[in-house]
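The sequence and structure are shown first.

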Amino acid sequence: MSIEIRSVSKKFADFNALMDVSLTVPSGELVALLGPSGSGKTTLLRIIAGLESLDQGAILFNGEEATSRHVRERQVGFVFQHYALFRHMTVFDNVAFGLNVRPRKTRPSKEEIRDRVHGLIKLIQLENFADRYPAQLSGGQRQRVALARALAVEPQVLLLDEPFGALDAKVRVELRRWLRRLHDEIHVTSVFVTHDQDEALEVADRVVVMNEGRIEQVGTPEEVYDRPANPFVYNFLGNVNLFHGRVDKGEARIGGISIDLPEFEEAAAGPAVAYVRPYDIEINRSRSSQEEIEARIRFIQGAGAVARLELERLDTLELIEAVMTRERYRELGLQEGEKVFVRPRNMRVFLEDYNI
Amino acid sequence: MTEPALVRWFLTGVALIFLGLFLLVPLAAVFAQALEKGAGAYIAAITEPDALAAVRLTLVTAAISVPLNLVFGVAAAWAITKFDFIGKNLLITLIDIPFSVSPVISGLIYVLLFGLQGWLGPWLDLHNIKIIFAVPGIVLATIFVTFPFVARELIPLMQAQGKDEEEAALVLGANGLQTFFRVTLPNIKWGLIYGVILCNARAMGEFGAVSVVSGHIRGMTNTIPLHVEILYNEYNYAAAFAVASLLALLALVTLVAKSIVEWRLKVSS
């Protein structure tokens with residue numbers, strides 16, 4: 001089932017949780033709502049579920065108006081951040097709940113319920129835990145039970161609120177890969193909320209980056225990571241270096257480097273910021289062109305698959321973060337305190353006033 | 001614990017001596033006085049018709065007021081903890097009023113409202129409805145005084161539990177009643193029983209408010225505490241203590257039940 005969100009706004013007292021948000025989730029896709037806390041991502045998820053009302057706008061399921069539909073009738077599965085398992089029920093009863101509360105006419109028989117629940121418990125690999133209570137399970141197991149409980153009612157849409165937020169790092173990575181595989185099997189339209197960029201980039205078909213109640217960018221993980229639409233997305237997805245400069249007549253001057261920017265041809269002259277990823281910082285021992293910036297190495301972290309360097313510009317004293325391959329690091333034989341020449345590649349320039 | 005043994009023994013000793021002097025000795029005295037004239041006099045005192053009427057009235061009062069406050073307490077706690085509405089803080093304050101007002105005042109409120117000289121008195125008199133100096137007044141006063149027990153017990157518990165489980169039940173298709181009986185009620189069961197036990201103990205033992213509205217008509221509007229007072233004022237000490245021992249027994253039973261429930265509460269959370 002596809003979901004369409006049409007210019008939805010929501011206010012909590014004086015706080016604008018969502019401002020004119022529009023988004024379409026095609027049927028069968030796994031979409032991540034990614035943003036810092038307070039960006040409105042959880043509010044949007046709860047509005048899709050019907051757990052929260054909206055002030056303006058509309059929610060459509062499969063093109064049909066669903067805004068006024070009660071949460072009970074929306075046929076969504078919702079997985080809560082803190083699981084929200086029924087603490088006085090066993091794993092079996094938790095998973096069976098959605099089927100047991102159906103009116104007699106549509107309720108499957110006892111045997112059918114038992115078979116279906118056991119099938120789901122098998123799917124989440126907790127066959128030996130059916131009679132346990134939530135308190136007797138680990139965090140990862142509880143989250144899997146919460147997922148099975150949501151899937152038991154065969155929802156048209158699966159909504160997950162920070163599904164791995166409360167788990168420790170290792171379980172988190174395992175569980176999100178498992179969720180991805182599960183989605184590839186059952187193909188239910190899914191939306192999950194996260195503040196963890198790795199999670200969003202790894203699991204989702206499409207990433208929706210949110211900030212302060214608005215959507216900043218929608219795209220595949222590659223699109224949002226490689227071609228961020230604005231400085232916020234650049235900052236939020238991964239580490240980034242900032243180089244300040246000026247834009248004038250379609251040309252940016254950042255340090256000693258000039259870049260042609262035809263899109264800014266018409267723009268008034270003004271300050272600009274160039275964004276460069278740490279792995280796009282090239283370091284040389286000797287100057288090869290005027291476009292290089294002089295810097296001193298302040299700190300090197302050489303252990304691991306890549307070497308991380310912290311440099312200080314000699315002209316502005318601003319810090320630059322650089323990442324290079326092990327081989328390149330060995331080849332250069334860099335030392336802390338050494339003076340080097342830095343050359344940023346793949347700069348993305350934004351006008352300063354664009355920054356909020 | 002890092003305190004020296006001497007300090008610990010001293011503090012424990014002080015607490016025990018205090019408890020002994022102010023709780024155990026009086027409790028023992030009640031039973032000793034009650035049985036002073038022998039078991040025969042004891043049984044006669046508690047099976048005498050006026051005493052039996054007092055026991056009956058106390059039980060009836062509790063049987064009406066406790067269930068009502070159970071329903072009210074659950075409804076109030078449910079509304080306060082699971083929903084946001086205007087006037088929520090006012091409701092919380094109102095629930096606390098019976099705790100902060102002297103029971104005598106609580107009784108007087110009803111006399112002023114329903115008494116012959118009160119606001120509604122003439123109308124009630126005209127329709128021959130008796131509230132003050134009759135059973136309805138006693139029940140009303142008891143309900144007022146025991147009003148906060150269940151709600152006060154449940155509100156912190158339900159606040160701590162949050163509304164996640166209820167929301168989960170709703171999303172899974174449960175209606176309001178199913179959510180309440182299958183999710184909320186099992187979660188608050190022990191807290192609720194605890195509140196009911198306290199509410200019941202107070203309902204049966206209430207003196208001040210009931211005393212004002214009762215009129216002290218023997219065999220008619222006397223509850224156990226009021227009956228004890230009358231006997232005592234008549235210098236009928238053995239009978240007074242015999243009836244009082246019933247209340248003391250109730251207190252002991254309450255204490256045991258309370259401990260069991262407290263233990264269950266700890267286990268279930």
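The sections below cover the basis of the values, the interface and the backbone.

## Basis of the values

This is a predicted model, in which local features need pLDDT of at least 70 and side-chain atom pairs count only at pLDDT 80 or more, while totals for chains, interfaces and linings use all residues. Residues are numbered from 1 along each chain as its sequence is written, chains are lettered from A and ligands numbered from 1 in the order in which they are written, and side-chain values use heavy atoms, leaving out hydrogens and water.

## Interface of chains A and B

Contact (heavy atoms within 4.5 Å) links 18 residues of chain B with 23 residues of chain A. The two chains bury about 1,800 Å² between them, 62% of it on carbon and sulfur atoms; buried area is the accessible area (1.4 Å probe) lost by two parts on being put together, summed over both.

Two salt bridges are found across the interface, a salt bridge being a side-chain nitrogen of Lys or Arg within 4 Å of a carboxyl oxygen of Asp or Glu. B:Glu167 and A:Arg46 form a salt bridge through their side chains, at 2.6 Å from N to O. On the side of chain B that touches chain A, α9 (164-171) and α10 (176-205) of chain B each supply at least two residues; helices are DSSP runs (H or I, at least four residues) and strands likewise (E, at least two), numbered from the N terminus. The largest contribution to that side comes from α9(B), with seven residues.

## Backbone angles

Most residues other than glycine have a negative phi. A:Asp20, in strand β2 (residues 15-25) of chain A, has a positive phi near 50°. A:His187, in the loop between α5 (169-186) and β8 (189-194) of chain A, also has a positive phi, about 55°.
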